[in-house]
Amino acid sequence: MIFNNMSFKQMFKNSKITLIIIFFGFIISVFISMNNINKYDKNIIDENGNSYHQMIKHDTLRYLTHGNEIKDQLKEGINFFKTGREHYTKYLPPRVMAAYYYLFDIDLFNNNYEKKINTGIHFPYLVFQSFLYYFSVVLLYFSISKLINRNTSFFIVCFLCFEPIILQYHSSFWSESIFFSLQILLASLILKEKQSNLNFFLIGIFLAMLSLQKEYSIFYIIPIIIYSYITINNLKYKSFLFLLIGFFLIQSVLGYNNYQRSGKFYIMTADSKVNLHIDLVKKVMQKKLKISSKEFDSIEGKASLQWIQKNSIEFNKEKLANIEDPGFMLYRYNILEKDKVKFDNFIRNRTLNYFYKYPIDFLKFIIKSSVHITLLNPFHIYSDNNFMSGEYYYTTKTHDKLVPYRVVYTSVVYLICIYGLFVIFKKKNYDILLYLIFSIIYFYGLVSWHANTRYFVPVMIYLSFFFGYGIDKILNYTKK
């Protein structure tokens, strides 16, 4: 049991202030959600006369639209494992939305013709999202309060409850909030004082769910197994078996869904194979070869067509007949889903070949991006709600005005976290430190090349520990 020998009543009494803080954080999150819904839950017309929803667009529109489609299919009596379309990217977000729409009998759009998003239907979802997050913080607190002194645990919780970068996502439809909740639930299981086979089974389940929420988390199981092997005394290999059973049990749901729908069993999404080519290779090679975006697409399109013909892959020639020099993604859209898995592997191999051929150019780009991504951004949801796209927002004076505030905030947070790192070393809490280092390296290293500061936010969950240690020590000095 998570509470071991101490009764729940006694633990609640000792933790009353911290639990009140967590509840207060939940209330603030709900209030922000209510404010965002009141201000931004509406369809507006852009300068070109096109309608869009201020809160639901681009990636979030994709999740919610897919979820609405799954809901409609379920209502038609289609088997759950045959619902949905190809999971190009995240599996879980559209499924969560489908469950919400199905249970509350909600339609995303006002009708199938105008495709305007219905307003006033999503506030309960945002409340659920906040509740899940703050409930996970409660579980984490009960786990770490046995390993870390009460004051430090309190400040870790305060960071997780009120840190503005984390807080902003609970009142949005991005996938980050539920991802944070799964990270924290995992941490509460991994950092438990006593481990059991059931606990390892649950760790496996939540590791798999984490990867369904964001596909690049699928290999996070490796550092967790290494960490457990190093830090847990008398660890039995049977425990790892339970972890793997839980992990592959959940992954099999994704694989079976793909098999029932497309005839191909697979668990790796296309985004995990193609994204590097679109967002990294294309940018580097445009600069290296001094070519335009269209010229790069033409090169990759011709290579794709050659591969398709060589492997006798069927594709819709009619749809591409009137398109001059179609890019590789257009070819991908017009082949069967079962063949897309092979096609994605082909693109992945082309990505690796580019890396091998131009290592210095990619290294320079990745280093530059890895530095940029660490600039913290408490204003992402604000800009997302107030501007049509991030690309446009980056060209505005509003973006430039906010950068100095971001630099100051980033400096303060990092200085406290660096100090917290030294405190952990001094206290010799090496097990916790190893877990934090492994997690930060993983969630930073796999996306640092992207340069989008939103991709860095999951690292903040682990920085909360450094911040908690650091601020506790600083306040102790001021008291003295």
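Reader: Are F26 and Y134 buried or exposed?
Author: Happy to start there, with a reminder that this is a predicted model, where local features need pLDDT of at least 70, side-chain atom pairs count only at pLDDT 80 or more, and totals for chains, interfaces and linings use all residues. Residues are numbered from 1 along each chain as its sequence is written, and side-chain values use heavy atoms, leaving out hydrogens and water. Buried means under 20% relative accessible area, exposed over 50% and partly exposed in between, with a 1.4 Å probe and protein chains only. By that cut-off, F26 and Y134 are both buried.

Reader: How many aromatic pairs does the structure hold?
Author: Rings of Phe, Tyr and Trp (its six-membered ring) pair if their centres lie within 6.5 Å; planes under 30 degrees apart count as stacked, over 60 as edge-to-face and the rest as tilted. On that basis, the number of aromatic pairs is 41.

Reader: Why is the pair of F26 and Y134 edge-to-face?
Author: The ring centres of F26 and Y134 are 6.3 Å apart. The pair is edge-to-face because the planes stand at 70°.

Reader: Which residue lies over the face of F80?
Author: A charge sits over a ring if NZ of Lys or CZ of Arg is within 6 Å of the ring centre and within 35 degrees of the ring normal. At 5.0 Å from the ring centre of F80, the residue is R95.

Reader: And which residue lies over the face of F179?
Author: F179 belongs to one aromatic cluster, whose members include Y435 and Y462. Over the face of F179, at 5.8 Å from the ring centre, lies K214.
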